[in-house]
Amino acid sequence: MKTLYPLTLILVAGFFTSSFNNLEKNDVNTKKTSADIYMNTIYKNDDVVDTEVLNDFFRRYSDLKKYQNDVISLYKNRSYGTIWYKNGKITDFGNILFKKINNTDQKSAQIEFPYKEEINLIFSTDSKDKLSKTDSDMLLSAAYIIYANQALEGKQQTISYETLLDSLMSKPALLDKDPKNGSVVNNIYSKLEDALKKYKKIEKDDNWKPISVETPYKDIRPDAKSNTVAQIRNRLYVMGDLKNDSKSDVYDQELMDGVMKYKLRNGLKPNYIINEDNIKDLNTPIDEKIKTLTLNIERCKAIMPQLGDNKEYIMVNVPSFELIYVKNGKIELTSKVFVGAPLTKTTIFNSNIDKIVFSPYWTVPQSIVDNELKSKIAADKNYLEEHNMEIVNGQVRQKPGPENSLGLVKFIFPNPDDIYMHDTPAKTLFDFEKRTFSHGCVNVNKAKELAIAMLKDYPEWTEERINKAMDGTEETTFKLANKVPIYICYFTSWVNESGEVSFFQDVYERDSDLSKILLNENTVANK
């Protein structure tokens, strides 16, 4: 079960890059039909700006020629519909952009634009020399590119104009907001930058020596003595998991404490055994760590503006298999999750939780019926009954109950591919380090606790009532009066509130793809 990826709202001062946007476009392209429907719904306007019209426009407005490719990209992603008009009128965002490029609000830097007089004609109520709607739309698109470029000058080399526009058009007022409000994620952004400086210094000081091991490898346990133990001790000291490096080659209590700290901050199974995977992780080249931090700083830049605007939200980080629920600007709850398997990846997107369903039915997706259940039902005539299932209107569904695959509560947020977040009876799966087991939905370990926390502002939903609703006998749906934003993200490095940096496995290999794009773009930019 995959979903369209409408990236989280981006503020111009949020410093987002085209590198990140190009990576995420790969996901959208694989879901062209859903994306087309989505874009046509949001950007359904009155006229079409085709390639011939665009080429003619840039011949007549030659001073804008250098922005032609960027402008064409904007229209291409919107099926060549007009961007700045709706129902024959300039959109709210178009009016805000006009204020910005003319500095009429006295808050913006003066923007240099080669066709300001023509732009003024678009908004003039007195002038008889009106431009055509298509020319006006394309001029505003070029003005937007120029404004975004100048607003970000000196802060980022490349800009994701398309994603930035998607975001701002859905919430134009963000253009006037300060992106550096003191939110959880904004603080993380600063801490990631600090972590990057720290790891660059480690590289500069040449303090990242390879850890050597014996072949074949044997797990290292407390009281072991070897040169490898001394090297591990040094690595943990360099990373900050140990305050001192005693140089001892004995796996003592001090090292045990350091190993536990290292494992906890990186989401690894909390024990004192140093296995071969741990050694491989500890031996990750320092330049790879630096690259990972750099990529995730870019991701943080993308998400932090809207999160800074929200006092309540849920964020699921796929690589760390963790959920955080923020309320009143503070972390209210954290929970382990498991996510989509490599063949049914959980897609990165954002939405708003609008319903909580207790003791839910589970309508089995047809793909699962075809690929998994049909053969089981054919082989065992009692399969449906034994699994508390039934067929209703030609669809297989599982009745409410403790063994229901959705557990005893699910959280609904609109999206094209029916992704949701839910409880699960398979609690033992949360004990695994790598938790990629689902068909795409997010399975939450503390689902009940999350429901209780989210419903604190609804007095009628006492804990007693929630317990009764989750007894597995009857499906009960509650529509939230105040929707709760949810962000499903992909951070392979993170920094907690204490400044401890974490690195997580790149489970869907997004880092490698993004890194290739960054290098590719930088190469082009430097030509």
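Asn-317 has Cys-489 in strand S14 as its bridge partner. Strands here are DSSP E runs of at least two residues, numbered from the N terminus. This is a predicted model, where local features need pLDDT of at least 70, side-chain atom pairs count only at pLDDT 80 or more, and totals for chains, interfaces and linings use all residues. Residues are numbered from 1 along each chain as its sequence is written, and side-chain values use heavy atoms, with hydrogens and water left out.

Strands count as paired if DSSP finds at least two bridges between them.

| Partner of S3 | Sense | Bridges |
|---|---|---|
| S4 (residues 322-327) | antiparallel | five |
| S14 (residues 476-489) | parallel | four |

On the S4 side, Met-315 sits opposite Ile-324. The S3-S4 hairpin has four residues between its strands, and Phe-321 takes a positive phi near 50 degrees there.

Why is S3 largely enclosed by the rest of the structure? Because five of its five residues are buried (under 20% relative accessible area, 1.4 Å probe, protein chains only). Tyr-313, Met-315 and Asn-317 point one way, while Ile-314 and Val-316 point the other.

Now for Lys-410, which belongs to strand S10 (residues 409-412). Lys-410 is buried but has no salt bridge, and the nearest side chain of opposite charge, Glu-475, is 5.3 Å away. A salt bridge would need a side-chain nitrogen of Lys or Arg within 4 Å of a carboxyl oxygen of Asp or Glu; Lys and Arg count as positive, Asp and Glu as negative, with His and the chain ends not counted.

Terms used: Buried means under 20% relative accessible area, exposed over 50%, partly exposed in between (1.4 Å probe, protein chains only).
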